[in-house]
Amino acid sequence: MPTSSIAILVVAAGRGSRAGEGLPKQYRTLAGEPIITHALRALHGGAPEARILVTIHPDDQALYEASVALLDASARAALLAPVPGGASRQASVKAGLEALAACAPALVLIHDCARPFVSPGLIARAIAAASATGAAVPGLPVTDTIKQVDATGRIEATPPRARLRAVQTPQAFRYDLILNAHRLADSTGQSELTDDGAVAEWAGHAVHVFEGDPANMKVTNPQDFAAAEARLLGQLLDIRTGQGFDVHAFTEGDQVWLGGVSIPHSKGLLGHSDADVLMHAVTDAIYGALADGDIGSHFPPSDPQWKGAPSDIFLRHAAQRVRERGGMIAHIDGTVICEAPKVGPHRDAIRAKLAEIMGVDVSRVAVKATTSEQLGFTGRREGVAAMALATVRLPA
Ligand code: MG
């Protein structure tokens with residue numbers, strides 16, 4: 001079946017309280033990127049022509065947009081506009097299925113975004129199983145013996161282990177079958193079914209199990225986060241350091257740009273672009289870590305289209321080059337050298353801005369400032385210099 005007649009519905013509307021404090025778990029980072037970003041990239045990689053629709057919590061629009069901004073253009077183009085989820089997982093899936101009616105897919109894969117390790121092989125098995133049977137879920141044999149207990153903890157039954165399966169996502173269905181099953185469940189007040197296989201079963205359909213993937217773990221508890229992060233970082237063992245250095249001269253003006261932040265000053269900085277000396281040093285440090293040229297080779301100053309350009313274009317490009325290699329920016333350490341303006345009061349704003357542009361957590365970005373004790377060109381207040389180091393992790 002061509003993947004153009006397939007839709008993927010990603011359930012990301014939950015609050016994820018089991019994962020601990022802070023952000024909803026689907027937006028917490030693993031190896032520098034939100035879980036949802038990893039999951040969407042993996043789903044697109046396994047079914048490049050499928051349309052992908054995400055159900056999100058209405059409060060999470062900005063988090064969602066920041067997460068999908070880290071995807072490449074091809075993956076972003078596969079995404080339909082997100083739809084708000086409902087009060088339960090089941091209600092969120094129904095809302096997503098209703099929103100897919102406009103593209104009327106033949107099959108739909110329904111995936112929990114807390115499973116970021118979904119593989120192309122698993123996606124292919126899901127598509128094949130749903131094409132053959134109409135309703136199929138990935139399952140794995142269980143290795144633990146499972147007990148059914150009553151409210152007091154007393155064992156009521158020991159189901160034979162050989163017949164048990166631990167079920168994962170993506171679960172795959174004929175679109176009309178699962179849409180109608182969800183509508184029926186909703187209209188009869190059946191609202192707490194915990195997976196879509198159960199909704200199809202409840203509606204009277206035969207649901208088949210195909211081979212799951214032990215690597216397709218669900219990231220739920222704090223220890224799952226630690227294991228998932230270790231697994232991702234364990235794939236990024238080619239650790240590189242790059243350096244960047246830049247200078248811009250003072251000229252007439254009333255502000256200087258440092259790290260994407262405008263700082264009021266009695267002078268401006270002269271340059272072909274916005275002369276953001278710190279952002280240029282950081283950008284070159286990343287290119288250096290990749291052994292991938294420099295700002296001038298990617299954005300030639302002879303090309304008039306970069307005249308007056310905001311420098312975040314350069315930094316976004318460098319960060320994207322890291323992601324295209326399957327890597328992450330582990331750390332940035334920048335130093336601004338000048339007598340004035342004072343950088344300290346703007347340090348945290350600069351760190352936040354640089355982190356946002358690169359799509360990394362602010363805890364991975366350091367900004368420092370020093371003077372040159374009135375010596376040399378920075379000491380004579382003729383200009384501003386900046387140095388930066390970038391530590392980048394790439395697949396080994
Ligand atoms: Mg420069």
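The largest cavity is lined by A31, G32, E33, A319, R323, G327, M328, I329, M358, G359 and V360. It holds about 70 Å³ of space. This is a predicted model, where local features need pLDDT of at least 70, side-chain atom pairs count only at pLDDT 80 or more, and totals for chains, interfaces and linings use all residues. Residues are numbered from 1 along each chain as its sequence is written, and side-chain values use heavy atoms, with hydrogens and water left out.

**The cavity**

- A cavity here is a set of points, on a 1 Å grid over the protein atoms alone, where a 1.4 Å probe fits but cannot get out, and lining residues have an atom within 4 Å of a point.
- Grid points are joined across faces, edges and corners, and a volume is the space filled by probe spheres set on the points.
- The count comes to one cavity of 30 Å³ or more.
- Helix 11 and strand 17 each supply at least two of the lining residues of the largest cavity; helices (H or I, at least four residues) and strands (E, at least two) are DSSP runs, numbered from the N terminus.
- By class, that lining has six nonpolar, three polar and two charged residues, with Ala, Val, Leu, Ile, Met, Phe, Trp, Tyr, Cys and Pro counted as nonpolar, Asp, Glu, Lys and Arg as charged, and the others, Gly among them, as polar.
- Domain 1 (3–233) and domain 2 (238–394) each give at least three residues to the lining of the largest cavity; the domain bounds come from an automatic or database domain assignment.

**The second largest pocket**

- A pocket, unlike a cavity, is an open set, with protein on both sides within 12 Å along at least five of seven lines.
- The second largest pocket has about 540 Å³ of space.
- Of its 23 lining residues, A66, L70, E356, G359 and V360 are the closest to the centre of the second largest pocket.
- Helix 2 (61–68), helix 11 (312–324) and helix 12 (347–358) each put at least two residues into the lining of this second largest pocket.
- Sorted by class, the lining of the second largest pocket comes to 13 nonpolar, five polar and five charged residues.
- Where does the second largest pocket lie relative to domain 1 and domain 2? Both domains give residues to its lining, so the second largest pocket lies between them.

**The magnesium ion**

- D246 (OD), H248 (NE2) and H280 (ND1) coordinate the magnesium ion at 2.1 to 2.3 Å.
- Donors are N, O and S atoms within 2.8 Å of the metal (3.2 Å for Na, K and Ca), and since water is not among the atoms, sites may look incomplete.
- The spacing of the donor residues in sequence is D-x1-H-x31-H.
- H248 sits in strand 13 (residues 238–251) and H280 in helix 9 (residues 277–290), so to speak a link between distant parts of the chain, 32 residues apart.
- Both H248 and H280 are buried (buried means under 20% relative accessible area, exposed over 50%, partly exposed in between, with a 1.4 Å probe and protein chains only).

- Five strands make an open sheet with mixed pairing, in the order 16-13-19-17-18; two strands pair if DSSP finds at least two bridges between them.
- Strand 16 and strand 18 are at the edges with a single partner strand each, so one side of each has no neighbour in the sheet.
- Strand 17 and strand 18 run parallel and are joined by six bridges, with I337 partnered by T370 in strand 18.
- Elsewhere, strand 6 (residues 107–112) runs antiparallel to strand 11 (residues 171–174), with four bridges between them; I110 stands opposite Q171.
- Strand 11 also pairs with strand 7 (residues 135–141), antiparallel over two bridges, and A136 has A172 as its bridge partner.

- Most residues other than glycine have a negative phi, and most peptide bonds are trans.
- T169 and P170 are joined by a cis peptide bond with omega of about 10 degrees, and P170 lies in the loop between strand 10 (165–167) and strand 11.
- Another cis bond runs from A340 to P341, with omega near 0 degrees.
- A275 has a positive phi of about 60 degrees and is buried, at 0% relative accessible area.
- Q374 has a positive phi too, near 65 degrees, but Q374 is exposed at 62% relative accessibility.
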